Amino acid sequence: MSPPGNQDDTGSWEIRIDKEADIVAVRQQVRELAKELRFDQFGVAALTTAASELSRNVWVHAQKGVARISMLRNGNRVGVELEFVDHGPGIADLDRALAGGYSTAKSLGLGLSGTRRLVDEFNIDSQPGRGTKVVIRKWKKEY
Amino acid sequence: MAAGQIPILRIGTTLLATIQIELHDTVVDSFQNDVLEEIEKTGAKGLIVDISALETVDSYVARMLANTAKMAKLMGTETVIVGMRPAVAATLVRMGYFMEGINTALSLEEGLQLQARQSNGTVE
Amino acid sequence: MEQGDGENVEFTRLTPNLQGGPMHQARQPDYMEILKLDEDELKRRLAFYELTDEDFKRLKSLKSFADRWTNDIIEGLYELIMGQPESRAFFPDQATLNRVKKLQNSYFLGLFVGTYDLGYVRDRLRVGMAHERIGMPPKLYLGAYRRYLALIHARLQEHFKENASEAAKALDSIRKIIFFDMALAIETYIAAYLETMTRHQAAIRELSTPVIKVYDRVLLLPIVGTVDTQRAHQIMETVLVQVVEQQAKVMILDIAGVPVVDTKVADHILKTTAAVQLLGAQTILTGISASVARTVVQLGLEITRMHTRSKLSEGIELALSIVGKKITSKQDRSESEGV
């Protein structure tokens with residue numbers, strides 16, 4: 001695995017998002033990690049798609065930000081955590097942004113509600129004028 | 001310019017575009033341009049977009065495909081998306097993206113059959 | 001000392017796709033990790049069991065007592081175990097018994113070692129694991145501990161002769177550490193049961209989604225039993241994979257065996273149907289009872305837009321017509337063939 005971003009010793013990667021191609025980079029890194037951790041195809045797709053949506057949000061709304069990708073372990077459970085941070089305009093109406101589907105207000109078009117349904121844990125912190133931070137986690141199915 | 005990165009073949013009156021690379025803005029723009037230019041040039045009645053190589057289809061790509069189909073339709077061409085992977089279908093639906101109004105088929109063969117039926121006016 | 005790493009805790013799934021050959025046994029899981037036994041947890045436990053430095057000093061000072069009486073106490077313990085047919089069954093031969101007595105001996109002496117750190121904990125967990133693995137039930141295991149305490153109590157009184165208060169203090173410290181150990185032992189049982197259950201659940205889930213090929217490019221999935229979110233996910237995934245693998249044009253979902261069809265279940269069915277459609281195939285929903293039909297409309301659920309039939313046989317007929325086939329009776333055919 002040759003990550004485009006920086007990897008530290010704890011099994012996490014950081015990828016700067018400041019051009020559109022970085023979305024692809026984040027996606028590829030997440031996909032590789034999910035496959036290495038042996039998520040099944042549906043888990044890989046969910047993580048990769050969520051990563052793609054959230055990095056695109058950073059690119060489209062803030063033009064600059066960072067994605068942090070890490071491995072999680074809890075007992076014998078294994079998972080992935082993704083964090084997306086930007087100092088863009090922030091989201092004024094979080095409830096609305098989280099509630100909407102794709103058929104609603106194009107102006108928001110953040111796809112956050114959809115992304116949320118793909119993961120196990122979803123946390124968002126956003127201040128208009130200060131920026132946005134989204135942290136998601138997905139655990140591998142335990143069998 | 002990223003022109004020609006997505007190969008477009010002609011099969012009778014149908015165009016077949018096979019997407020095998022990661023999609024981002026310049027690729028998408030040139031893809032749509034190329035497709036529409038080819039339709040204009042050849043007068044194709046059908047467009048088949050093969051996405052069997054795509055492991056990830058997010059809302060951006062889904063919108064792109066839907067828009068491409070709309071653009072083609074304006075020029076009188078029906079589009080069929082073929083080869084969607086199980087995980088892609090599951091993810092789109094779980095996100096709430098049902099891609100209504102888009103024709104899909106299991107394979108290129110099925111896609112061609114669907115288009116033949118459509119141009120004979122036997123499909124609603 | 002085994003480190004818990006990803007490799008250690010992988011299970012091999014039981015799937016019908018195994019080509020034959022040996023099934024891997026799951027590697028021994030790391031109970032330290034499962035029970036989240038780290039320094040903090042250790043501190044918390046020692047506090048709750050009120051194990052202080054004073055107790056540790058006292059236990060260490062009882063080492064000579066332990067050395068003197070260990071054989072006696074172990075014999076007393078196994079007198080009980082071998083005296084009851086149920087517990088005796090776990091020690092079928094002398095060799096096994098001897099080996100176990102030796103282990104028990106080092107376990108007993110271990111109580112007085114004086115250092116109660118994560119290494120000590122790991123050691124104790126192994127003891128619990130060993131008993132769980134041979135199938136000894138907790139009731140017997142705990143009963144043995146009680147016997148231990150009774151035997152120790154008697155010997156302590158002898159050891160400290162007139163000094164009743166010292167004997168009481170010693171017993172108190174010993175009891176604390178024994179209860180501490182028992183907790184660990186019981187937890188390994190629980191962890192082991194949970195894992196077995198999880199594995200069984202996985203196997204049941206695999207078996208509970210049998211996709212059947214009714215005809216060329218026509219698949220059928222009879223759904224039987226309650227459909228919770230996890231099962232619904234698994235059903236969708238299995239269905240989608242099979243549709244692509246078999247290049248099925250029609251997927252029949254029979255829900256006659258689903259006891260309750262509420263908004264949630266209907267939503268799962270809708271999503272699965274939508275996903276099948278995205279692949280380029282169609283879904284037919286069959287087994288719709290009168291009460292389900294009522295509920296669906298009353299709740300305003302959208303499954304009225306799908307192909308639906310009450311009987312499975314009707315669904316199969318519809319599916320066949322979609323793939324261009326028809327069921328005719330043999331009589332019709334022979335007539336038309338002029339026989």
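Biologist: Which residue stands opposite Leu285(C) in β5(C)?

Modeller: Leu285(C) faces Thr308(C), which belongs to β5(C). Before we continue, please note that this is a predicted model, in which local features need pLDDT of at least 70, side-chain atom pairs count only at pLDDT 80 or more, and totals for chains, interfaces and linings use all residues. Residues are numbered from 1 along each chain as its sequence is written, while chains are lettered from A and ligands numbered from 1 in the order in which they are written.

Biologist: In what sense do β4(C) and β5(C) pair?

Modeller: Strands of a sheet pair through backbone hydrogen bonds, either parallel or antiparallel. Strands (E, at least two residues) and helices (H or I, at least four) are DSSP runs, numbered from the N terminus, and two strands pair if DSSP finds at least two bridges between them. Here β4(C), residues 282-286, pairs with β5(C) in the parallel sense over 2 bridges.

Biologist: In what order do the strands of this sheet lie?

Modeller: The open sheet of chain C has 5 strands in the order β1-β2-β3-β4-β5, with mixed pairing.

Biologist: Which strands does helix α10(C) touch?

Modeller: Two residues are in contact if their C-beta atoms, placed from the backbone, lie within 7 Å. Directions are compared through axes, lines fitted to C-alpha atoms (for helices over the stretch in contact), with angles from 0 to 180 degrees between N-to-C directions. Helix α10(C), residues 229-246, packs on the sheet and touches β1, β2 (218-224) and β3 (250-257) of chain C, its direction making about 165° with that of β2(C). Helix α11(C), residues 263-279, lies across β3 and β4 of chain C, at about 150° to β4(C).

Biologist: At what angle do helices α4(C) and α6(C) pack?

Modeller: Helix α4(C) (63-83) and helix α6(C) (94-110) pack at about 135°, with axes 10 Å apart. That angle makes α4(C) oblique to α6(C), because angles under 35 degrees count as roughly parallel, over 145 as roughly antiparallel, 65 to 115 as roughly perpendicular and the rest as oblique. The crossing of α4(C) and α6(C) is right-handed; a crossing is left-handed if the near helix is turned anticlockwise from the far one by less than a right angle, and right-handed if clockwise.

Biologist: Which residues of α4(C) and α6(C) meet?

Modeller: Among them are Ile73(C) and Leu77(C) in α4(C), and Gln104(C) and Phe108(C) in α6(C). The contact divides into 7 nonpolar, 3 polar and 1 charged residues; Ala, Val, Leu, Ile, Met, Phe, Trp, Tyr, Cys and Pro count as nonpolar, Asp, Glu, Lys and Arg as charged, and the others, Gly among them, as polar.

Biologist: How are α1(A) and α2(A) arranged?

Modeller: Helices α1(A) and α2(A) pack at about 155°, their axes 9 Å apart, and are therefore roughly antiparallel to each other. Their crossing is right-handed. The contact includes Val26(A) and Val30(A) of α1(A), and Leu47(A) and Ala51(A) of α2(A).

Biologist: How many residues does each chain give to the contact of chains A and B?

Modeller: Chain A gives 23 residues and chain B gives 17. On the side of chain A, α1 (21-36), α2 (41-62) and α4 (112-116) each give two or more residues, and α2(A) gives the most, with 10 residues. That side of chain A has 9 nonpolar, 8 polar and 6 charged residues.
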